[in-house]
Amino acid sequence: VSTILLSDFIAETASYVWYVDGVEIPGQNLNTLVVNPETPGVHEYSVRAMSIDGCTSEDASSVATVTVLANPSVEISGDPFICTGNTVNLTANANDNDNPMADLTYDWRINNASTGITTADYSQTKTAQDQPYVYTVVVTNNQGCVAESHPYYVYVGEEPTVEVTVNYNYVCAGGLVTATAHLGDYNMHNLTYQWYKNDELIAWATEPTFTTSIDVDPTELKVV
C-alpha cells in the first residue's frame, strides 16, 4: 500500500482537523496529510479548518475519495531436495484478488540477492553445498503494490553413496538374512529405499534394512 498525500489550500497559519470515513484522525493538524493506509477499500478523506482568529469552518471540505488496493500475496512451491547438477524448479504462486487482471512482475532472489529471473517459474542448475539455498520472490502489480514470499529452502546434496552389509554371509537353506544400507557422507533429506533380491523388485522392502529368507545359492541383495 502506497503513501497518500492530501493538501488543503487555506492559509498555512490555520489549524486543521482531518477525517477519514467521518472519523477524526488524531494528531493531524497541518494543511497536508500524509497517510499509509493499511485497510483495503474505498476511503473518504476530508478536512475542517480553523483560522488563527478562532473561526471554524461549519462544514468539512469536499471529500477526496481514495481506493486502497490490497497487496498481492505469493507463495513458493517446488522440490526442496535435489541432487547436485540437477535443476531447481520453483513456481511463484501469486494471488492478486483486488486486481485479477493486473500484470505481475517477479524478482527471484537467493539470500536476498536478485538472480535476474523475472518470470513466475524459476529454473536453474545448482551445485551441492552444506547449507540450503534460501529463495524468496518479490511480486509487484501494475499499481505498484508489492509482496514478498516467505523464505523457501532448497537443499542440494551430492549423489548418495551406499554400501550393503549383511548379518550373515553364510546361512542354511531357508535361513534369514538381514541386509542394511549404509549411506556415505551426503546432504540429502527424505531418502527412499528400494530393495531387490536377485534383481527382482521387492515392493514392500523400502526401509534401510531388509530381512529375507535365503533359498537360492547364491542370492544377491541390492538396494537403490
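Let's start with aspartate 107, which counts as buried because its relative accessible area is 19%, and the cut-off for buried is under 20%. This is a predicted model, so please keep that in mind for everything I show you today. What does the side chain of aspartate 107 meet? It meets the side chain of arginine 109 in a salt bridge, at 2.9 Å from N to O. Arginine 109 itself is partly exposed, with a relative accessible area of 21%.

How many salt bridges does a search of the whole structure find? It finds two. The other pair is aspartate 199 with lysine 222, where the closest N and O atoms are 3.2 Å apart. This pair links distant parts of the chain, 23 residues apart. On one end, aspartate 199 sits in the loop between strand E18, residues 195–197, and strand E19, residues 200–201. On the other end, lysine 222 belongs to strand E21, residues 221–223. As for accessibility, aspartate 199 is exposed at 53%, and lysine 222 is partly exposed at 34%.

How many disulfides does a search of the whole structure find? The count is zero. If you look at two of the cysteines, cysteine 83 is buried, with a relative accessible area of 14%, whereas cysteine 172 is exposed at 65%.

Now let's move to the nonpolar cores. The largest one has 19 residues, and the members that touch the most other members are Val88, Leu90, Trp108, Tyr122 and Tyr135. Which elements give two or more residues to this core? They are strand E7 (73–78), strand E9 (87–95), strand E10 (105–110), strand E13 (133–140) and strand E15 (152–157). E13 provides the largest share, four residues.

Leaving out residues up to four places away in sequence, tyrosine 122 touches Val88, Asn89, Leu90, Trp108, Ile110, Thr115, Ile117 and Tyr135. Apart from this core there is another one, of 11 residues, and its members include Trp195, Ile202, Leu221 and Val223.

Next, the sheets. I'll begin with the one that holds E7 and E9. Here three strands make an open sheet in the order E7-E9-E12, and the pairing is antiparallel.

Looking at one pairing within it, E9 and E12 run antiparallel and are joined by five bridges. One example to find on screen is threonine 87, whose bridge partner in E12 is threonine 125.

Staying with E7 for a moment, let me point out glutamate 75, which is found in that strand. Is glutamate 75 buried or exposed? With 58% relative accessibility, glutamate 75 counts as exposed. Setting aside neighbours within four places in sequence, glutamate 75 is in contact with Thr91, Ala92 and Asn93. Glutamate 75 also lies 8.3 Å from valine 137, C-alpha to C-alpha, although 62 residues separate the two in sequence.

The last stop is an open sheet of four strands, in the order E3-E2-E5-E6, again with antiparallel pairing. At its edges stand E3 and strand E6 (64–68), each with a single partner strand, so one side of each has no neighbour in the sheet.

Let's walk through the pairings of E2. Strand E2, residues 15–20, and strand E5, residues 41–50, run antiparallel and are joined by six bridges. Within that pairing, serine 15 has methionine 50 as its bridge partner in E5.

To strand E3, residues 23–24, E2 is joined by two bridges, also antiparallel. Tyrosine 19 stands opposite glutamate 24, and valine 20 has valine 23 as its bridge partner. What do E2 and E3 form together? They form a hairpin with two residues between them, and in the turn aspartate 21 has a positive phi of about 50°.

Note on methods:
Residues are numbered from 1 along each chain as its sequence is written. This is a predicted model: local features need pLDDT of at least 70, side-chain atom pairs count only at pLDDT 80 or more; totals for chains, interfaces and linings use all residues. Side-chain values use heavy atoms; hydrogens and water are left out. A nonpolar core is a set of buried Ala, Val, Leu, Ile, Met, Phe, Trp, Tyr and Cys residues joined through side-chain atoms within 4.5 Å. Buried means under 20% relative accessible area, exposed over 50%, partly exposed in between (1.4 Å probe, protein chains only). Contact means heavy atoms within 4.5 Å. A salt bridge is a side-chain nitrogen of Lys or Arg within 4 Å of a carboxyl oxygen of Asp or Glu. Two strands pair if DSSP finds at least two bridges between them. A disulfide is a pair of cysteine sulfur atoms within 2.5 Å.
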